[in-house]
Amino acid sequence: MTSPIHVRSEIGKLKTVLLKRPGEEIENFTPDMMERLLFDDIPYLPIAQKEHDNFAHVLEENGAEVLYLEKLSAEAIDAGDVKKPFLEQMLAESGYAAGSTHDALYEYLFSMSTQQMVDKIMAGIRKNEIDFKPTDLVSAAEDSTYPFYMDPMPNLYFTRDPAASIGDGLSINHMTFTARRRESLFMETIIKYHPRFANQGVHVWRDRNHDTRIEGGDELILNNHVMAIGVSQRTSADAIQDIARNLFTEDSGFDTIIAIHIPHNHAMMHLDTVFTMINKDQFTVHPGILGDGGKIDTWTLHPSDNEDGFTIEHNQDLQAVLKKELKLSELDLIPTGNGDPIIAGREQWNDGSNTLAIAPGVVVTYNRNYVSNELLRKHGLKVIDILSSELSRGRGGPRCMSMPLVREDL
Ligand SMILES: NC(=[NH2+])NCCC[C@H](N)C(=O)O
């Protein structure tokens, strides 16, 4: 039986990928909600959708099957006959475990078709949508001018983060910020109940019921036994230790994890905003993550019989670590913006390092990062650049906007 999830590299030919088409959620917020919702601007929805359709089309044209999170979620809920428990869980995680507001929201959402309900939850629920005046103290005492009962989830089109494919399984992630925490409930539901995934031998290496934080933008599959994981604003060292133990003791095939420490800030929230693999021996790197003398902290974990379950080796030379663990004699690290400090900063901000490899040496990038794109071409890569004016306002690029489910083995 071939597994519905099979990802043993960052660069193997992309066969199946999960996307989320931007919907009402990306316009359903005000400027003062932006920072909390992790957005830097308000995208113009019709153009964002057009750009996203262009992205999906490019992937399909190049042989990938494109699946949509919103559709799989509704199908999974129906297939598992779990509309009620799913809705209860979602309401509880939105702050309504019981009470009159819970009852009003439940009634409103449950009366919709499953697809409408899913789309509505994703888009957010405004107070003026429901004919209901809360009378309980909790609702009365909280800010009555706040316009939402349930916040929109504008970051859903970054399908990379709530879960990450690893070998024949995945991690379903406990995410860092409240703005994104509910997102991984959709993936959990899909894996549990969608006929394409349920009872198909998909391993969940780490589920979302944890306090320690990890996000898919930090989880890179370098080859069939080596991963790189960012120690970042979004992924904590203890979550990396935890997933390492699971991968090493279960039958995952992975025996090496390189933890890479990157700056903890919004522009570089995940490892894949500053470092991606694009060919067997080629990577993009944002020069801003390298300190004096090009140094950066890395720790390599290998399985061991000791108490921790792994050994740790500290190193500050990323090139040397990659060469050793990937058994490469040469390595081409391509700097974002060709190393020019102004261009590198500008293009990294708009995800110039966030390339999605769809085959070895073939990458999808944002067209606006033309200096970095040109440089990639000079280094022999095939660069397919996609429209990016509105999509980039959410601070994520082609890798963030895609969750590969199946890649061909190298
Ligand atoms: N894999 C990524 N780099 N994802 C980018 C996610 C961007 C999103 N606005 C966030 O802050 O969470």
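Reply:

**The shell around the ligand**

The shell around the ligand consists of four nonpolar, six polar and six charged residues; here Ala, Val, Leu, Ile, Met, Phe, Trp, Tyr, Cys and Pro count as nonpolar, Asp, Glu, Lys and Arg as charged, and the others, Gly among them, as polar. This is a predicted model, in which local features need pLDDT of at least 70 and side-chain atom pairs count only at pLDDT 80 or more, while totals for chains, interfaces and linings use all residues. Residues are numbered from 1 along each chain as its sequence is written, and side-chain values use heavy atoms, with hydrogens and water left out.

Of the 16 residues around the ligand, those that come nearest are N155, R234, D272, G394 and C400; a residue is near a molecule if one of its heavy atoms lies within 4 Å of it.

Polar contacts are pairs of N or O atoms within 3.5 Å. A polar side-chain atom of D272 is 2.8 Å from a nitrogen atom of the ligand. From the backbone, a polar atom of G394 lies 2.8 Å from a ligand nitrogen atom, and a polar atom of L38 lies 2.9 Å from a ligand nitrogen atom. On its own the ligand has 350 Å² of accessible area, and the protein covers 100% of this (Shrake-Rupley method, 1.4 Å probe).

Methods: A polar contact is a pair of N or O atoms within 3.5 Å; within protein, one must be able to donate a hydrogen and the other to accept it, and residues adjacent in sequence count only if both atoms are side-chain atoms.
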